[in-house]
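Dear colleague,

Please find below the structure I wished to hand over to you. A short account of the findings comes after it.

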Amino acid sequence: MAAANPAKTLQDEMTCPLCLEYFNDPVFLDCDHSYCRACITQCWGGLTADVSCPQCRRTFPQGNLRPNRQLRSIVDAARALRLLAGREPAAERLCEKHQEPLKLFCREDEIPICVVCDKSKGHRAHTVIPAEEAAEEFQERLQAHLKTLRIKRQKLLGLKVNREKTSQKYLKRTQAERQKIVTQFQQLRQFLEEQERLLLAQLQKLDEMIVEAGTDTVTKLLEQISRLSERIRELEGTCRKPASEFLQEIRGTLTRCETGQAQQPDEMAPQLEERVHGFSQKVTALSETLREFKANVTLDPDTAHPQLVLSEDGKRVRLGNTRQPRLDTRERFDSVSCVLGREGFTSGRHYWEVEVGDGQYWSLGVCLH
């Protein structure tokens, strides 16, 4: 691996990443990246909070700009060395072929030449001017290009600032919507949990009442069964007696049979039926409340990709083998296999149920349209 050029490395360290020139009043951020004070201030567009580093994209709650005095000293020393080097006479370059100073410039070949080259056959018919005059012309042309490039860079910096402001604005909006969703679903979960606890407690109490009422009824039935069993044994004993003794007691026996008829046990408490029915109505009402959030989504054929096949009722979609002939509408997806719902939501809580087949590459959700 070739070693890095030390001069190039030093040049990069003294150059602002935004203006690509020597640092002017350098400052560094909390992430230790340095910029010209004017450059980073313009890049942030006057913002002082929720700013970010243009290099590492790290965000800061406050735009603290700390002077980088050590870097300023190094840049000032580099500028002084450049000025000193500019005052020293540069070594005169010589023509490789004739070893004469390159004091002329050939316009056609756009190369510096010497006086001997000027008289040679190769340059005799060319336009030749002094090298200093040619340098001045090219300097003017390059300065014009530099001015144009600096103007373009300034415009791009402005666009960058605007894009970052727009991005931050949208991020704040999505964060607010995210918080709203979290809050709403927390409230919904809390409501459902409270309803669950309430209904289960009521159901437990109803279970206890049903068990208590059932126990009372069973106890009464057992008592009647016991009395009937005793009466049956008594009558069976009477029937086994001799005729004279049997007939002697027949009147009292028949009287006891008629007066001792088993009574039909009372039905379970009628209020239990009312309570069970009322509880069922509460569960139904809760189901109806949740059903209010269910969205009836119908797919919009004007947005469907030509390869998607929609059912007549707009409730089902599948991926076909070929593209179908459809009108080229502005809303239609043509590069990705997507389709939107015809109904849109602007507020409120919504949910929908989807049955998915065996396909692997699909997604479902909401989008800003």
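This is a predicted model: local features need pLDDT of at least 70, side-chain atom pairs count only at pLDDT 80 or more; totals for chains, interfaces and linings use all residues.

Residues are numbered from 1 along each chain as its sequence is written, and side-chain values use heavy atoms, with hydrogens and water left out.

I begin with the cores. A nonpolar core is here a set of buried Ala, Val, Leu, Ile, Met, Phe, Trp, Tyr and Cys residues joined through side-chain atoms within 4.5 Å; buried means under 20% relative accessible area, exposed over 50%, and partly exposed in between, with a 1.4 Å probe and protein chains only. The largest such core has 21 residues, and Cys16, Leu29 and Tyr35 have the most contacts inside it. Two or more residues each come from strand E2 (34-36), helix H2 (37-44) and helix H3 (69-87); helices (H or I, at least four residues) and strands (E, at least two) are DSSP runs numbered from the N terminus. H2 gives the largest share, four residues. Apart from this core lies another, of seven residues, including Leu102, Cys106, Ile113 and Cys114. Leu29 is in contact (heavy atoms within 4.5 Å) with Tyr35, Trp44, Cys53, Phe60, Asn64, Leu65 and Arg66, not counting residues up to four places away in sequence.

Next, the hairpin. E3 and E4 pair in the antiparallel sense over three bridges, pairing being assigned if DSSP finds at least two bridges between two strands. Ala49 has Gln62 in E4 as its bridge partner. Six residues lie between the strands of this hairpin, where Arg57 takes a positive phi near 65°. Arg57 is partly exposed, at 45% relative accessibility.

A positive phi, near 55°, is also found at Glu110, in the loop between E6 and strand E7 (111-113). Glu110 is exposed, at 54% relative accessibility.

Lastly, a search of the whole structure finds one aromatic pair. Phe105 and Phe138 are edge-to-face, at 5.4 Å centre to centre and 75° between the planes. Rings of Phe, Tyr and Trp (its six-membered ring) pair if their centres lie within 6.5 Å; planes under 30 degrees apart count as stacked, over 60 as edge-to-face and the rest as tilted. The pair links distant parts of the chain, with Phe105 in strand E6 (104-106) and Phe138 in helix H5 (131-239), 33 residues apart. Phe105 is buried, at 12% relative accessible area, whereas Phe138 is partly exposed, at 29%.

With kind regards
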